[in-house]
Amino acid sequence: MRLENKTAIITGAASGIGRAAALRFAAEGALLVIADVNGDGGRETVQLIEQQGGSALFYETNVSDSKQVKELISTTVEAYGKLDILFNNAGIGNPDVKSVDLEEEDWDRIIDINLKGVFLGIKYAVPEMKKAGGGAIINTSSLLGIKGQKYLAAYNASKAGVILLTKNAALEYGRDHIRVNAIAPGVIDTQIIDGWKNDDRKWPIISRANALGRIGTPEEVANAVLFLASDEASFITGATLSVDGGGLTF
Ligand code: NAD
């Protein structure tokens, strides 16, 4: 098993990509902590892991709250003795409006969760990973954080920020044997894209806007995250791995 005896925290694991990664990590032997603001969904992920013979704890956590993230990391270390892997994955979407029409509160909320949340995860995980002799951090960016897209200013800015935050942490902590990478998913079949799915005009375009001509599954993204978390990626750090079917803007 590729993650045997590894302790991993996955944020945003109450659904979608985070849940798929949690199930994949557990099947590979990881001891998991599921962190999410959604208590029901988080506990359901734990149940699904237990049903497949794995082990997981759930901590209700808002990733934009410094105190809660600090507690998430320290409680994980108390429970399992160390922290090896952090998947900073929690995120929210953007109202479909032009930049000047975006409310300041929406800008703040999106940046707080999608970008500051990743910063806080890194801030509190790195000292524990140093103690454990190393670790792997994977951050969720997006195709849109690389290529941009109309009407999604705060989301795209947050996801572009994640890429540079990833590079910075990789440069700073490589000598501590901590690898830091990002994934950049394209359009993936989760609840975050429900708005697009319900748009009869846009969906036929969005759902085929890549080389493969289809959207991706959360499991396909989880496979890439597993690779970056595992020792198979031992010489990869500071990278952003596109998981987008050859994604295009739409
Ligand atoms: P999702 O909505 O199923 O998952 C997001 C999870 O984050 C949810 O469980 C939600 O409860 C949780 N969350 C939201 N705010 C939180 C907070 N403050 N603290 C803790 N948890 C919080 O959608 P998803 O597609 O699985 O999204 C996962 C990540 O993938 C996000 O960062 C998203 O931006 C990114 N992403 C998704 C796509 C896509 O097409 N689905 C594409 C590129 C990037």
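This passage describes the fold of one chain and then several of its residues. The structure is a predicted model, in which local features need pLDDT of at least 70, side-chain atom pairs count only at pLDDT 80 or more, and totals for chains, interfaces and linings use all residues. Residues are numbered from 1 along each chain as its sequence is written, and side-chain values use heavy atoms, with hydrogens and water left out.

The chain contains 9 helices and 7 strands. Both are DSSP runs numbered from the N terminus: helices are H or I with at least four residues, and strands are E with at least two. Along the principal axes, the C-alpha atoms fill a box of roughly 50 × 35 × 35 Å.

Of the 250 residues, 51% are buried. Buried means under 20% relative accessible area, exposed means over 50%, and partly exposed lies in between (1.4 Å probe, protein chains only). The chain exposes about 11600 Å². Carbon and sulfur atoms supply 51% of that area. Accessible areas come from the Shrake-Rupley method with a 1.4 Å probe; for residues, only the protein chains shown count as cover.

Contacts (heavy atoms within 4.5 Å) were also sorted by sequence separation. Among those between residues at least 6 apart in sequence, 72% join residues at least 24 apart. The side chains include 25 positive and 31 negative ones. Lys and Arg count as positive and Asp and Glu as negative; His and the chain ends are not counted. The centres of the two sets lie 6 Å apart. Each charge is placed at NZ of Lys, CZ of Arg, CG of Asp or CD of Glu.

Strands S1 (residues 7-11) and S2 run parallel and are joined by 5 bridges. Two strands pair if DSSP finds at least two bridges between them. Threonine 7 stands opposite leucine 31 in S2. Strand S2 spans residues 31-36 and is mostly covered, with 5 of its 6 residues buried. In a regular strand the side chains alternate between the two faces of the sheet.

Asparagine 5 lies in the segment before S1. Its phi is positive, at about 65°, although asparagine 5 is not a glycine. Asparagine 5 counts as exposed because its relative accessible area is 58%. Tyrosine 151 also has a positive phi, near 75°, in a residue other than glycine. Tyrosine 151 sits in the loop between helix H5 (144-147) and H6. With a relative accessible area of 31%, tyrosine 151 is partly exposed.

Valine 162 belongs to helix H6 (residues 153-173). Its relative accessibility is 0%, so valine 162 counts as buried. Leaving out residues up to four places away in sequence, valine 162 touches Asn114, Leu115, Val118, Asn139, Thr140 and Ser141. Isoleucine 85 is 77 residues apart from valine 162 along the chain, and their C-alpha atoms are separated by 17 Å.

Lysine 130 is placed in helix H4 (residues 104-132). Its relative accessible area is 42%, so lysine 130 is partly exposed. Again leaving out residues up to four places away in sequence, lysine 130 touches Tyr173, Asp176 and Ile178. Between the C-alpha atoms of lysine 130 and alanine 90, 40 residues apart along the chain, the separation is 24 Å.
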